[in-house]
Amino acid sequence: MRLVLVGPPGAGKGTQAVRLAERLGVPHISTGDLFRANLSQETPLGLEAKSYMDKGNLVPDDVTVRMVRERLADDDVTKGFIFDGFPRTVSQARSLDELLDERGEELDAVVEFQVDEDELVTRLLARGRSDDTEDVIRNRQQVYRDETFPLLDHYRAIVVSVDAQGGVEEVTDRVAAALQDR
Ligand code: ADP
C-alpha cells in the first residue's frame, strides 16, 4: 500500500505513521526524521536544512525531493510506503507524481488528519522538541495553511479524511477502517 499522510503539525501523523506502517508491513518515511538524522550527523544536507527548520520554514523543494528520491531507491520501498510530512507543497506533490510514474506506481490514498487548532498548539507545546516554541509553532501552522493545505485539492480524487482527535488507538482504528474501502 502506498499512502501519504497530510495534516497540520501536531495532528499525530508521526505517531500514527509508525503504527500504520506496522499494521500494513510497509516502511514509514518521515522527511522530518530524515532531516533530523542528517542534522545530527552534520551532513551537508543537514546543515543546509537547519536554518529553515529552526524557523519553522520549509526546506527548499529541490533539496527535499533529492533526499526523497534517494530514499525511494532503497529495497524496502518495493512493498509500499507511508509518507509522513512529504509532500508538503504542490510542487513536491508533482515531483512525487513523476517519481512514481517512472516506477509505474500510484498512490492508493492520501489520509487527511483533522484536528482543532487549539488542540494542536497544546499538543506541540507538551511535546517540547527544539523547534516547538510558540512562535515557531505558529509559523509552522501558517506554512501548513498556505503551502500544504492545497495538496488536498491536488489529490482530491484519493483523499480520505479522518477525525484525528481522541485516543491513539482509536485514531489508528479509524484510519484503518477508512482505508478498507479503498
Ligand atoms: P511537524 O509536522 O511538527 O512540522 P516535521 O518533523 O514533519 O514536524 O518537520 C519538521 C521540519 O522539517 C519542518 O518544519 C520543515 O522545516 C522540515 N521539513 C519536513 N518535511 C519537509 C518537506 N517535505 N519539505 C520541506 N521541509 C520539510
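Biologist: How much space lies in the largest pocket?
Modeller: This is a predicted model, in which local features need pLDDT of at least 70 and side-chain atom pairs pLDDT 80 or more, while totals for chains, interfaces and linings use all residues. Residues are numbered from 1 along each chain, and side-chain values use heavy atoms, without hydrogens and water. A pocket is an open set of points on a 1 Å grid over the protein atoms alone, where a 1.4 Å probe fits, with protein on both sides within 12 Å along at least five of seven lines. The space in the largest pocket is about 780 Å³.

Biologist: Which helix gives the most to the lining of the largest pocket?
Modeller: The lining has 39 residues (an atom within 4 Å of a point), with Lys13, Gly32, Arg36, Arg88 and Arg129 nearest the centre. Helix 1 and helix 7 are among the elements that supply at least two residues each. With five residues, the top contributor is helix 2.

Biologist: How many residues surround the ligand?
Modeller: The ligand sits in the largest pocket (more than half of its atoms within 2 Å of the grid points). Thr31, Arg36, Asn57, Gly85 and Arg140 are the closest residues. Counting those with a heavy atom within 4 Å, the number around the ligand is 18.

Biologist: What share of the ligand's exposed area does the protein bury?
Modeller: A ligand nitrogen is 2.8 Å from a side-chain N or O atom of Thr31, and a ligand oxygen is 2.8 Å from one of Arg36. Alone, the ligand exposes 550 Å² (Shrake-Rupley method, 1.4 Å probe). Of that area, the protein buries 97%.

Definitions and conventions:
Polar contact = N/O pair within 3.5 Å; in protein donor to acceptor, adjacent residues only side chain to side chain. Points joined across faces, edges and corners; volume = space filled by probe spheres on them. Helix = DSSP H or I, 4+ residues; strand = E, 2+ residues; numbered from the N terminus.
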